[in-house]
Structure formats: structure tokens, C-alpha cells
Amino acid sequence: MTKKILAGIGLLTLLVLNCPRSKAEGSHFILRGEIRERGLYSHGYKGILDKSQHGVFWVGQRTRLILDYTNKNMGFFVQLEDGRIWGSSGSAHNPGFGVGQAYFFADFAQRFQVKVGRMALVYEDGRYIAYSLWDECGNSNDALKLSYRSLDKKTKAELLGSVSNNSENRFLNPYHLEHFYKYLLVAYFSHTFTPDFRWSVLSVTDFREKHYQVSDSNGTVTKVDPTKIYARSALGTYLDICHDRKFSAWISAYAQFGKDNYGRKILAGLASVVLSYKPHPMVEVKAAYDYISGNANAAPDFPVDATDHSFNRFMGSSHSYLGIMDLFTGSGRHDITLGSGYHQPYLTLDCHPAEGHSIMLNARYFWAANTIENVQGRDLGMEMALIYRYHIRPDVFLHCGYAIHSRNQALETLSGIAAG
């Protein structure tokens, strides 16, 4: 019988915003601050526990200071941030402080903008590229971006490029970061045909240096060849239908192809459908289904000469899209399911009983899209989550939540825990 693991996520979040701003004619300067304290009790979060292990409580703190300056059609944006766990440092000078964002921008011809520096990238629902607010520090990208937006705001397009190095090298050296790109190219287009129909397309290509393994008497080591570059591309499309109506739909699909950094061929896909119904202005019900492709009989050892059908979410957000518990990451063969893929139907009830209050109840079921080596069955369990949000005042927020995930033999085997 299916057993239960109670994995509670107690969440306390305080955001302090809206510091005073000053304005002069044709320019403005905005100073914003944020302090988030998040206490979390984990008993199975990100990985189920065996009988000898116990849950733990910790507190994470994120501190941000944002400087936003604009003078007519030019300006800059700087976000300083510090993310750490209470007790992880003996003093406030322990590493954890950094620059989350820092970019310069300029507008011209009323329709175009150029932006250069470190910036957050978010496209559509963040399935493939996101700036995760759940993490203490989100993903930042150093890039050059050119944007276009029509005067009627119905058409939007972006073109972005980025290059990565870990030092000011005088000659070609390996980049060494296996799970980050060497070069990145992004193209995005969105057009609103009518108030009830918007279509967009996103193209992302990440380039990575060749990785290969060499075995000797001391074991197997991974080496990098910086002269050889592999490209992996993803082409996604979105349909936003009747967004402000009582009935609405959100449809997205991705095709992923090219080669990974070991030279394996990639041919994978993702599809998602979300149907929403608002029977009352304060109540919304969503029924959805996600499919993520994977490999048949997924196993830890994947041959270099085989085609990889496991979809990798790249820099997309997995938290909330694959459950509050974060047992699954959607990171292809690096996922707990070894790249078997997912079927995920889910149902969400979101209500606002009073001004400043909201309650969300979510239930989702996980089923492996393919068989997994040495694992019986493809049932990956069900998650249920309850989240409450309260705006104490316009600049202070309280969030708290609790989630559970059903435990079964497949999850135990994949987690390296004896059955039962």
C-alpha cells in the first residue's frame, strides 16, 4: 500500500518595499529594499527520508537593495543581494553577498531599447528561462539584449546574446562549468491579435564546450576541449486564449534538439495545457496536464552514441511547476527519474475570501512517461499543497504553506532507500 511521507513546508516571508523615491524633471531615482525571512521545516523536501533520518528546520534570509535610475531615455538598474541560511556564517562577512543584477539601458526611436549587463531573464511562464523567486538568489545572466515594442503594445520582440568566461584569459582555456553555457542566443516574438488571443514563440540556443571522460589507473576523470563547441536548441510556442474571460486557456509546447556537451544527439519535447474557470471574481479553478518526454528504460549510464529523448528545462523554474516538494527537477537525465520523463495532471483551487487574503489548494499526480531500470512501476506518487498569503500592509507580506507527497516503492528505489 502507498505510504505517506509528511513533508511540511512552513513558510514565513516578509517583503519590505517602497522606500522613498526622488524625482526631478525628466528623471527619477528609486531606492527599494527587500528583506525576506523564510523558515522551512523539511521532512522529505527534495528527497524522501529513511527511518533513521529525521526532519529539520532552518531559516533562510534574502536581503536586497535595488537602485533604479532613469534620466529621460537612459538609465541603470543595480540589485545588490545577500542570501544565506541562519548559522551558516560566523559573521556577516561570510561570502553570500553579490550583485544580482547590474545593467545599463537606453531607449531610442520610441520602440527600441538596448540593455547590457547582468540581468534577470524571464520569458512567458518561466518553463525554460526564469528568475526563480523561490531560491535565495535567482539566476542572473550577463548579456546584451535588444528589444522592440510597437506603439500599440501589441507586438514585442527581443534578441539576446551572451558569452561566458571565468577569467581574463590570454589564450583559450576551458570554461569548466559543465551545467552552464559558454554562449547563449535567445530570440523571442509575441503578438496580440485580439484581446482574447495572443501568440508567442521563443527560440533558445545554448552552446557548450565538449566534455569527455578519460580512464586510467586512478579512475575516470572528465576533461574539457574548448576548441569543440556543441549547440542545443529549444523552440517553444505559447497560446494565451481569453485571458480575462471566465473561461481561459494557456497552451505551450517545446521541441528540443541538437547535442549535449558530450556530443549526444538530443530529440525531446514538452507540452502543457492549463484550463481556467472563474465562477466568481474571488474564485478560480485550474485543470492542467503536463507532458515531459524521456528515455525508455532510463538508466544511470547513458551511451554517448544514443539519442537522448529526456527534455531538459535548461534555466526554467521547476518549483511549483513540478510540485512544491521539489522532488523532481525536470533536468533531463540528472533528474531523480534518470530522464524517464513525466505525465503530470493537476488541479488548483485559488480563492480570495477577503481583501489581502488568498488561499490556494493544489493536487498533482506524477507518472513516469517511460520505464526506469530496476524500478517497479511508473507511479511516482501524488502531492497536495496548501498555501496561504496575506498582505499585512502594502509593503509587508506573509506567506505560509504545507505540502505532503505520497511515498511508494518506486520513489524509495530511486532515492536509494530500502522498500518499506
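Two strands pair if DSSP finds at least two bridges between them. Strands (E, at least two residues) and helices (H or I, at least four) are DSSP runs, numbered from the N terminus. The model is predicted: local features need pLDDT of at least 70, side-chain atom pairs count only at pLDDT 80 or more, and totals for chains, interfaces and linings use all residues. Residues are numbered from 1 along each chain as its sequence is written, and side-chain values use heavy atoms, with hydrogens and water left out.

Strand 4 and strand 5 form a hairpin with two residues between them. Their pairing is antiparallel and runs over twelve bridges. Within it, Arg-62 has Gly-83 of strand 5 as its bridge partner. Strand 4 also pairs with strand 3 (residues 27–42), again in the antiparallel sense, over 16 bridges. There, His-28 is bridged to Thr-70 of strand 4.

The turn of the hairpin holds Lys-72. This residue lies in the loop between strand 4 (56–71) and strand 5 (74–85). Its phi is positive, about 60°, although Lys-72 is not a glycine. Relative accessible area is called buried under 20%, exposed over 50% and partly exposed in between (1.4 Å probe, protein chains only). Lys-72 counts as exposed because its relative accessibility is 68%.

A positive phi is also found at Asn-297, near 50°, in a residue other than glycine. Asn-297 sits in the loop between strand 15 (283–292) and strand 16 (307–308). At 44% relative accessibility, Asn-297 counts as partly exposed.

Asp-240 belongs to strand 12 (residues 219–241). Its relative accessibility is 10%, so Asp-240 counts as buried. Contact means heavy atoms within 4.5 Å. Leaving aside neighbours within four places in sequence, Asp-240 is in contact with Asp-196, Phe-197, Arg-198, Ala-249 and Trp-250.

A nonpolar patch lies on the surface, formed by Leu-349, Ile-359, Leu-361, Met-382, Met-384 and Leu-386. Together these residues have about 470 Å² of accessible area, a value from the Shrake-Rupley method with a 1.4 Å probe, in which only the protein chains shown count as cover for residues. Strand 18 (357–368) and strand 19 (379–393) are the elements that give two or more residues to the patch. Strand 19 gives the most, with three residues. Patch residues have over 30% relative accessible area and no salt bridge, and nonpolar side chains (Val, Leu, Ile, Met, Phe, Trp, Tyr) are joined within 5 Å. A salt bridge is a side-chain nitrogen of Lys or Arg within 4 Å of a carboxyl oxygen of Asp or Glu. Ile-359 is placed in strand 18. At 31% relative accessibility, Ile-359 counts as partly exposed.

Methods: Patches are made of residues with over 30% relative accessible area and no salt bridge: like charges are joined within 9 Å, nonpolar side chains (Val, Leu, Ile, Met, Phe, Trp, Tyr) within 5 Å.
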